[in-house]
Amino acid sequence: MKTRQLGKTAKHNLITYAIVVIGFIVVQLLSSAGMISNSLSGQLVPICCYIIMAVSLNLTVGILGELSLGHAGFMSVGAFSSAFFSVCMQETITEPWLRLTLAIIIGAVAAGVAGLLVGIPVLRLQGDYLAIVTLAFGEIIKNVLNSLYIGVDGAGMHFSTKDSLSLNLAQGGRVIINGAQGITGTSKDSTFLMGFILIMITLFVVLNFIKSRSGRAVMSIRDNRIAAESVGINVTKYKLIAFSISAALAGAAGALYAHNYATIVAKKFDYNTSILVLVFVVVGGMGNIRGSIIAAAALTILPEVLRGMNDYRMLIYAIVLIVMMIFNQSPQMVEMRQRFTAKLPWKKAAKADAKGGK
Amino acid sequence: MQFVSFLVNGISLGSIYAIIALGYTMVYGIARMLNFAHGDVIMIGSYLVFVLMGSLGMPPFVAVLGAMVGCTLLGITIERIAYKPLREAPSLAVLITAIGVSYLLQNVALLIWGSNPKSFTSVVKMDPIRLFDGQLVITGETLATIIISVIIMIALTLFVNRTKMGRAMLAVSEDKGAAQLMGINVNRTISLTFAIGSALAAIAGVLLCSTYPTLQPTTGAMPGIKAFVAAVFGGIGSIPGAMLGGVLLGVIESLSKAYISSQMADAIVFGVLVIVLLVKPKGILGKAVKEKV
């Protein structure tokens with residue numbers, strides 16, 4: 001036989017890539033046919049961002065097994081550093097795609113470094129305590145960015161934490177990060193295509209990481225830390241690797257997000273955004289990358305679809321969330337579902353096959 | 001004198017955090033879940049008082065009592081419908097459900113009362129106290145908050161340590177299975193915990209809105225998070241820890257707002273939390289559990 005047999009994981013991963021590619025093609029076809037409403041097409045880039053966020057958070061929550069409630073903090077580090085770069089370089093680099101690519105790389109690196117710095121203290125803790133400290137760091141990042149003023153003039157960069165006047169800018173200098181008003185004047189470079197490419201890169205990074213030696217080490221820490229330690233796995237090192245990769249990807253998502261709007265403010269990346277992404281991960285299934293993608297896309301589109309119902313849409317969203325969790329996770333429900341699916345005709349046939357095969 | 005005044009304000013704010021944190025910590029101790037909807041129960045409690053007092057013209061005391069009953073029923077209902085089916089499920093599943101409940105409560109409030117902030121009339125009818133020739137003014141709200149919190153803390157400590165039901169709660173939080181074997185009705189105990197936590201949330205909501213008189217559907221969110229932090233600060237699951245953590249958090253917040261920067265106050269509060277947890281990973285009064293291999 002010439003064709004090489006694909007492994008189970010490889011097949012699984014290929015399907016995941018295929019879903020994203022098909023999703024992209026379908027959306028492109030629909031939008032060229034004019035079948036996508038304005039409000040929804042405005043959501044395309046944010047959906048890409050949320051998908052990347054969900055996949056990257058899944059690396060922390062599902063693969064590393066540590067609950068993080070401050071993921072939006074890394075997104076905001078990525079968003080601010082990249083937007084700062086692109087506003088500074090607006091005249092120097094005129095090619096939008098090049099500027100965006102560089103901005104995304106800068107955002108990812110900045111967030112990755114932030115992840116490393118935050119990870120060193122955070123990962124010493126365990127369980128709910130770790131979760132609350134990630135929440136704390138998310139809020140700290142938001143607060144610091146909220147009261148940060150940076151301006152540029154001929155003499156270089158000026159920092160302040162008070163207000164834009166105390167920057168003491170020379171004539172012709174301009175304020176780039178203006179405290180709670182954030183960064184204004186970012187060029188809207190992000191496109192759906194770029195989002196798609198970034199999702200594919202994220203998937204490539206995450207799926208290969210999971211399959212790699214480091215990924216297996218990380219999962220062994222999740223399953224039993226003590227056993228992993230006893231076979232010589234450096235727990236701190238692998239935890240930090242996973243956490244920083246997750247933060248860097250969140251930074252890339254933040255960069256993409258920032259370049260979709262003319263203004264970004266730190267308030268956008270608060271605790272609620274972290275929770276929103278966590279919801280995607282848990283609804284999609286922890287450790288299941290494909291699930292995160294589908295959940296992120298579906299749950300971002302859901303409020304848009306429900307837009308006609310105006311006041312009731314978030315109410316319905318909440319109810320969907322509760323019902324879905326009870327239906328998926330409650331032991332009684334799971335048992336009931338299994339009994340029900342066992343009765344379906346094709347399942348019966350499969351079972352008979354399996355029995356006959358043995 | 002200014003310092004004392006900031007300190008008193010901090011203790012008052014901290015007492016509110018402490019009352020909310022008690023709800024978090026009791027529920028966590030018993031059900032091992034982070035009840036994210038707790039902050040929104042506070043908000044519902046405040047709205048109930050607002051309606052009972054403002055629209056129905058009830059006297060403040062009756063209105064607060066009504067809100068406590070309302071919140072207790074709400075807490076028990078939430079527990080029955082949303083959390084009970086998931087008791088054996090992974091803890092993250094319950095966490096997400098709690099977030100769902102939180103969204104639900106916020107949006108129900110949004111539908112009923114709208115997003116415009118309502119101005120809340122203080123339920124405290126006490127004149128401010130002037131000390132040291134008027135250099136130190138303590139408002140009635142501040143004083144009432146501190147007094148009520150002290151009463152609640154003493155009552156709760158007595159209840160938990162001296163009564164049969166309170167001890168049942170301790171037993172369930174220690175070991176659910178063993179408690180059940182000793183004839184304790186675990187389900188009823190968990191419901192009772194939610195009831196007490198929610199009733200406390202109603203009181204906290206009233207005190208919070210009496211001091212900071214704007215009321216909107218997101219009112220409960222931030223105090224909820226802060227109180228959650230306070231609970232972890234003191235060692236989650238520990239009742240004295242929640243009280244201590246709450247008061248400390250309030251004082252730190254008030255003092256850093258006054259002396260360092262009002263914008264950075266939250267960052268400082270969370271920074272202190274991070275440092276405390278790094279030194280004492282189980283919180284100030286948390287019990288360190290030895291890991292058995």
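How many helices and strands are there in chain A? Chain A has 15 helices and five strands. Both are DSSP runs, numbered from the N terminus: helices are H or I with at least four residues, strands are E with at least two. This is a predicted model, where local features need pLDDT of at least 70, side-chain atom pairs count only at pLDDT 80 or more, and totals for chains, interfaces and linings use all residues. Residues are numbered from 1 along each chain as its sequence is written, chains are lettered from A in the order in which they are written, and side-chain values use heavy atoms, without hydrogens and water.

**Chain A**
- Of the 358 residues in chain A, 49% are buried. Buried means under 20% relative accessible area, with a 1.4 Å probe and protein chains only.
- Chain A has an accessible surface of about 17100 Å² (Shrake-Rupley method, 1.4 Å probe). Carbon and sulfur atoms hold 63% of that surface.
- Take the contacts in chain A with a separation of 6 or more: 73% join residues 24 or more positions apart. Contact means heavy atoms within 4.5 Å.

**The nonpolar core**
- The largest nonpolar core has 203 residues. Such a core is a set of buried Ala, Val, Leu, Ile, Met, Phe, Trp, Tyr and Cys residues joined through side-chain atoms within 4.5 Å.
- Helix H3 (residues 44-63) of chain A gives the most to this core, with 15 residues.
- A:Ile132 and B:Phe228 are among the residues that touch the most other core members.
- Beyond its neighbours within four places in sequence, A:Ile132 contacts B:Phe228, B:Val229, B:Val232, B:Leu273 and B:Leu277.

**The second largest pocket**
- A pocket is an open set of points on a 1 Å grid over the protein atoms alone, with protein on both sides within 12 Å along at least five of seven lines; lining residues have an atom within 4 Å of a point.
- The volume of the second largest pocket is about 1400 Å³.
- Its lining has 47 residues, and A:Tyr129, B:Tyr28, B:Arg32, B:Ile236 and B:Lys282 lie nearest the centre.
- Helix H6 (127-146) of chain A is one of the helices that each supply at least two lining residues. Helix H1 (2-31) of chain B is another.
- That lining has 25 nonpolar, 13 polar and nine charged residues.

**Cavities**
- A cavity is a set of grid points where a 1.4 Å probe fits but cannot get out.
- The whole structure holds three cavities of 30 Å³ or more.
- The largest cavity has about 60 Å³ of space. Its lining includes B:Val27, B:His38 and B:Tyr83.
- That lining has six nonpolar, five polar and no charged residues.

Technical notes. Points joined across faces, edges and corners; volume = space filled by probe spheres on them. Nonpolar A, V, L, I, M, F, W, Y, C, P; charged D, E, K, R; others polar. Buried < 20%, exposed > 50% of the residue type's maximum accessible area, 1.4 Å probe, protein only.
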